[in-house]
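Here are my notes on the model, point by point. Please keep the structure open while you read.

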Amino acid sequence: MTRTVVRASGLTKRYGSFTAVDAVDFSLEENRIYGLLGRNGAGKTTVMQMLTGQIFPNGGELEVFGRAPAEHADVLRRICFIAESQRYPDSFNASHVFTAAPWFFESWDAAFAERLVDDFRLPLKRYIKKLSRGQLSAVGVIVGLASRAPLTFFDEPYLGLDAVARQIFYDRLLEDYAEHPRTIVLSTHLIDEVANLLEHLLVIDQGRILLDRDADEVRGSATTVAGGRAAVESFVADRAVIGREGIGGLASVTIDGRLSQADRIQAAELGLELAPVSLQQLIVHMTGTDLRADAIEQEVAA
Amino acid sequence: MTAVMDRPLVGTEPRSRFQEIWRIVRLHAVTPSVFFGIPWIILGGAWLVMLVIGIIVTGAGADPVAMGEGMRYSWAVLSPQWYLIAVGVQAIGMTLSFALGFGATRRDFWLGTSLMFGIVSLLNAIAIATLVQIEKATGGWWVGISMFDALWYGQDGWLVDFYTTLALQLFVLFIGASVTTVYLRWRMRGMLALAAGAIALVLGVVATFTFTESWPAVFDWFMGLGVVGVFTLVLGLAAICAIGGYLVIRRATPR
């Protein structure tokens with residue numbers, strides 16, 4: 001049986017006249033890996049800060065482990081959130097961070113943390129403020145993994161990490177998640193890098209949730225149709241178009257919704273090429289401004 | 001399937017409140033240089049300078065008693081206090097953000113930080129009051145200098161020196177910390193309001209005393225307080241900062 005760990009309804013955060021998070025509704029289930037995806041400034045960090053009690057919502061309801069998170073020690077002790085822009089005391093180096101961690105995370109695995117330090121080649125004795133961006137990300141990743149908190153957030157974990165380190169994060173996360181299931185929320189704008197990790201997607205743009213669906217459902221849900229312009233246009237005429245590109249007589253149109261066997265046969269007869277859309281591509285289509293330009297183009301064409 | 005919860009998921013296993021507060025003390029002490037190392041390096045450095053000056057002055061044939069008298073007006077004994085205001089600021093400004101990331105509550109953070117301030121102040125007060133006595137017993141570290149036995153120190157015994165240092169130390173730490181909570185909660189607008197409020201308060205008090213021509217009475221009252229009375233006022237201010245900081249930090253949002 002799955003339990004709901006987070007339930008938000010009408011959750012809102014305003015900064016002056018700017019609405020960072022606009023009345024969003026969503027819930028997070030126990031022991032799943034969520035992707036919180038969106039462009040820079042979409043509201044990802046604001047959502048996570050509210051979920052972890054670091055900032056106070058302006059409206060709506062929020063329950064984490066059944067309670068408002070802010071100032072509730074018994075909720076917060078189950079949460080680990082190292083923000084991408086996490087500040088550390090000036091006098092701290094990475095080893096101070098890992099020394100203090102077990103006092104705050106009851107399931108902290110020191111041996112695991114040690115192994116991760118070796119994996120990421122993190123210099124333990126260098127001041128945090130002297131670390132490179134990638135090394136700073138590694139500190140957050142190590143705390144997030146080794147804390148084994150029932151609700152763990154990774155805020156832009158890939159920022160500045162090299163390819164090897166990204167692979168290590170990916171492998172270690174899956175290994176450890178298999179042995180110690182927990183709810184994990186990954187926020188990132190580098191979508192393809194994490195696409196295969198994610199079980200459920202929350203796409204946020206301009207403070208609103210655009211998509212809240214299982215990753216598997218989303219993966220097969222969009223298709224790019226390419227071929228001669230006229231053939232493509234006739235094929236997509238009554239379908240939901242989410243992206244459109246074209247050069248000369250060739251067109252490539254991305255449509256939402258699954259294709260039936262009959263659709264595929266029809267496409268083949270028209271000489272059209274069908275290609276699956278990567279998660280990143282799909283989200284670019286959903287959150288990019290190009291959609292509006294397409295709409296105008298469509299109107300002009302019509 | 002998904003269950004609708006009718007009671008909180010959070011566990012009820014007991015975890016002592018003290019442990020949650022004590023870990024904040026440990027967090028502050030994880031880099032002991034901040035609260036202990038650097039202040040004592042500053043004080044030790046000042047002491048060394050005084051010692052060398054003492055040796056030079058007496059070596060040049062000056063009267064050691066007159067030198068000791070002059071040194072009583074040196075502020076060397078207070079040299080770490082400026083740094084400790086900054087420690088109070090950083091304890092909130094930087095460590096709070098980190099502690100929240102690690103799942104501490106603001107309440108526990110403030111209580112733990114206050115406990116840390118208390119421990120530091122207690123240790124410093126014991127050390128300074130004792131150093132005053134050692135300085136007096138050794139005739140100014142055998143060269144006639146008067147560093148700890150200066151200002152109001154060394155006149156009313158160990159207990160008064162201890163009490164005044166404790167009060168001053170708590171005040172210095174809590175003023176830095178509590179002002180920082182105002183910044184974290186209301187940012188620049190809060191700081192400006194606080195500064196404006198403080199200035200208005202001072203001007204109002206000055207105006208009141210001036211127009212009621214009560215300055216001589218105020219001075220008399222202040223002189224009548226004596227050293228212990230003045231530092232009891234300082235301790236009161238520290239307590240106001242501590243309580244104010246607790247109220248303000250509860251909804252502070254670090255970046």
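1. Start with the hairpin. E1(A) and E2(A) form it, with two residues between them. In the turn, A:Gly16 has a positive phi of about 60°. Strands here are DSSP E runs of at least two residues, helices are H or I runs of at least four, and both are numbered from the N terminus. Strand E1 covers residues 2–15 of chain A and strand E2 covers residues 18–29 of chain A; they pair in the antiparallel sense over eight bridges. Two strands count as paired if DSSP finds at least two bridges between them. A:Ala8 has A:Phe26 in E2(A) as its bridge partner.

2. Ground rules. This is a predicted model: local features need pLDDT of at least 70, side-chain atom pairs count only at pLDDT 80 or more, and totals for chains, interfaces and linings use all residues. Residues are numbered from 1 along each chain as its sequence is written, while chains are lettered from A and ligands numbered from 1 in the order in which they are written.

3. E1(A) has another partner. Five bridges join E1(A) to strand E4 (residues 59–64) of chain A, and the two run antiparallel. Within that pairing, A:Thr12 has A:Gly59 in E4(A) as its bridge partner.

4. Next, the open sheet. Six strands of chain A make it up, in the order E5-E6-E7-E3-E8-E9, with mixed pairing. Strand E5 (79–82) and strand E9 (208–214) of chain A are the edges, and each pairs on one side only. From one strand to the next, the twist averages 15°. Axes are lines fitted to C-alpha atoms, for helices over the stretch in contact, and angles between N-to-C directions run from 0 to 180 degrees.

5. Inside that sheet, look at E3 and E8. Strand E3 (residues 33–37) and strand E8 (residues 200–205) of chain A run parallel and are joined by four bridges. A:Leu37 stands opposite A:Val203 in E8(A). Helix H11 (residues 279–287) of chain A lies across E3, E8 and E9 of chain A. Its angle to E8(A) is about 30°.

6. Check two loop residues. A:Asn31 has a positive phi of about 60° and is not a glycine. A:Asn31 sits in the loop between E2 and E3 of chain A. A:Gln206 also has a positive phi, about 45°, and is not a glycine. A:Gln206 lies in the loop between E8 and E9 of chain A. Why does A:Asn31 count as partly exposed? Because A:Asn31 has 15 C-beta neighbours inside 10 Å. A:Gln206 counts as partly exposed because it has 15 such neighbours. The cut-offs: buried means 20 or more other C-beta atoms within 10 Å, exposed means 12 or fewer, partly exposed is in between, and C-beta atoms are placed from the backbone.

7. A:Asp155 deserves a look. A:Asp155 is found in strand E6 (residues 151–155) of chain A. A:Asp155 has 24 C-beta neighbours inside 10 Å, so it counts as buried. Leaving out residues up to four places away in sequence, A:Asp155 touches A:Thr45, A:Met48, A:Ile82, A:Ala83, A:Glu84 and A:Ser187. Contact means C-beta atoms, placed from the backbone, within 7 Å.

8. Chain B. There are nine helices and one strand in chain B. Chain B has a radius of gyration of 23 Å, whereas a compact globule of 255 residues would be near 18 Å. That radius is taken over C-alpha atoms, and the globule rule is 2.2 Å times the number of residues to the power 0.38. The C-alpha atoms fill a box of roughly 90 × 50 × 30 Å along the principal axes. Buried residues make up 37% of chain B.

9. The interface. 34 residues of chain A are in contact with 34 residues of chain B. On the chain A side, H3(A) gives the most, with five residues. That side divides into 18 nonpolar, eight polar and eight charged residues. Nonpolar covers Ala, Val, Leu, Ile, Met, Phe, Trp, Tyr, Cys and Pro; charged covers Asp, Glu, Lys and Arg; the others, Gly among them, are polar.

10. Finally, the core. The largest nonpolar core has 139 residues, and A:Tyr34, A:Leu186 and B:Phe174 are among those with the most contacts inside it. Such a core is a set of buried Ala, Val, Leu, Ile, Met, Phe, Trp, Tyr and Cys residues joined through C-beta atoms within 7 Å. Helix H8 (residues 158–211) of chain B supplies the largest share, 12 residues.

Technical notes. Two residues are in contact if their C-beta atoms, placed from the backbone, lie within 7 Å.
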